[in-house]
Structures are given as structure tokens and as C-alpha cells.
Amino acid sequence: MKEIIKDGITLAKHISAKEWGEGLRFFSSDDEFIQVGTWCYDEGKELLAHIHNEVERKVFWTQEVLYIKQGAIRARVYDVNEVFIEEIYR
């Protein structure tokens, strides 16, 4: 996973499909606003019902997730002051 972080703020994460593995894998930590994970199971796998813990979180910026099923993406990443940081092209 490629993370772009500036001044302690995670601006972007790029998770390649090559990083997905068998079973359940998380790419976020418990303190992040969005839980990010992949579930890679064979057809017919049944997962146990569960609930998520109630957690109060304060959000400062809108979050966005892009899932690219086929093709490529070119994303220019800026910091909170609109200063260009890095380009992701995959």
C-alpha cells in the first residue's frame, strides 16, 4: 500500500489488487474514519453476522474512495492548502 502523508495527515492511499490476499485483510487502523478492507473468499463462503462498535468520530474533510475495476487512474494529490504533493498513476 502506498500512503501519501503530509504533516501527519493521510492525504491518499493506493492499494493495488496485487496486495489483496486470501481471506480478510484490513488496510486501515482503528482510529481512521473509514474502515478499509478486502474480502477474498471462494464462492459460497458465508461470513458470520456481526455488528460494528459505536464510535464517535469528528470529521474535518469529506472522504472519497475510488475503486478502479479495469483500466488505470492518474490522480494528483494536494494537501489541505491546495499545494500539489504527488501524482499517482497506476
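Of the 90 residues in the protein chain, 11% are buried (under 20% relative accessible area with a 1.4 Å probe, protein chains only; over 50% is exposed and in between is partly exposed). The model is a predicted one, in which local features need pLDDT of at least 70 and side-chain atom pairs count only at pLDDT 80 or more, while totals for chains, interfaces and linings use all residues. Residues are numbered from 1 along each chain as its sequence is written, and side-chain values use heavy atoms, with hydrogens and water left out.

The protein chain contains 6 strands and 0 helices (DSSP runs, E of at least two residues for strands and H or I of at least four for helices, numbered from the N terminus). Its C-alpha atoms fill a box of roughly 45 × 35 × 15 Å along the principal axes. The radius of gyration, taken over C-alpha atoms, is 16 Å, whereas a compact globule of 90 residues would have a value near 12 Å (the rule being 2.2 Å times the number of residues to the power 0.38).

Lys 13 lies in strand E2, which spans residues 9–14, and is partly exposed, with a relative accessible area of 26%. Leaving aside residues up to four places away in sequence, Lys 13 touches Met 1, Lys 2, Glu 3, Phe 27, Ser 28 and Glu 32 (contact means heavy atoms within 4.5 Å). The side chain of Lys 13 reaches the backbone oxygen of Phe 27 at 2.9 Å. The side chains of Lys 13 and Glu 32 are joined by a polar contact of 2.9 Å (a pair of N or O atoms within 3.5 Å; within protein, one must be able to donate a hydrogen and the other to accept it, and residues adjacent in sequence count only if both atoms are side-chain atoms).
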